[in-house]
Amino acid sequence: MPLDVVVKGGVMFLSGRLVGRELVKVRDAGKVLLDQSDKEVIVDLSQTEPVIDIAGIQLLAAFSRSARIRGKQFRLIGLNTIQIDALKLAGFKSLTDSNSV
């Protein structure tokens, strides 16, 4: 299933597969979201497929880092257990700390 991205009210809603060839849409929407005045950036993964590859993980980590540099809170919500395990195995446990499964 192709990745779909919707940004609404400081939240990025993703659905589909969070894998390499689909990530350009997420990157572009993330830039728009980071430029908004909201103090918190939320990415909702509840409608994504369980699979996430290293490119998807790296994009989320870079997005988190960019938000922090701009003085914003970053949260991932709606992670499933496969995604949580993948983030932890890749060394990004901190990205799972504030999520709701």
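**View 1. Contacts of glutamine 83 in the predicted model.** Beyond its neighbours within four places in sequence, glutamine 83 is in contact with Leu45, Thr48, Glu49, Pro50, Ile52 and Gly78. Glutamine 83 has its place in helix α3. Its relative accessibility is 0%. Glutamine 83 therefore counts as buried, since the cut-off is under 20% relative accessible area.

**View 2. The aromatic pair of phenylalanine 63 and phenylalanine 74.** The structure holds 1 aromatic pair. Phenylalanine 63 and phenylalanine 74 form it, in an edge-to-face arrangement. Centre to centre, the rings are 5.3 Å apart. Their planes make an angle of 75 degrees. Phenylalanine 63 belongs to helix α2 (residues 54–69) and phenylalanine 74 to strand β4 (residues 73–77), so the pair ties together parts that are 11 residues apart in sequence.

**View 3. The largest nonpolar core.** This core has 26 residues. Which of them touch the most other members? They are Leu18, Val43 and Leu76. Elements giving two or more residues to the core are β2 (11–18), α1 (23–35), β3 (40–52), α2, β4 and α3 (81–89). Helix α2 gives the most, with 6 residues. In soluble globular proteins, nonpolar side chains tend to be buried together.

Note on methods:
Residues are numbered from 1 along each chain as its sequence is written. This is a predicted model: local features need pLDDT of at least 70, side-chain atom pairs count only at pLDDT 80 or more; totals for chains, interfaces and linings use all residues. Side-chain values use heavy atoms; hydrogens and water are left out. Rings of Phe, Tyr and Trp (its six-membered ring) pair if their centres lie within 6.5 Å; planes under 30 degrees apart count as stacked, over 60 as edge-to-face and the rest as tilted. Helices (H or I, at least four residues) and strands (E, at least two) are DSSP runs, numbered from the N terminus. A nonpolar core is a set of buried Ala, Val, Leu, Ile, Met, Phe, Trp, Tyr and Cys residues joined through side-chain atoms within 4.5 Å. Buried means under 20% relative accessible area, exposed over 50%, partly exposed in between (1.4 Å probe, protein chains only). Contact means heavy atoms within 4.5 Å.
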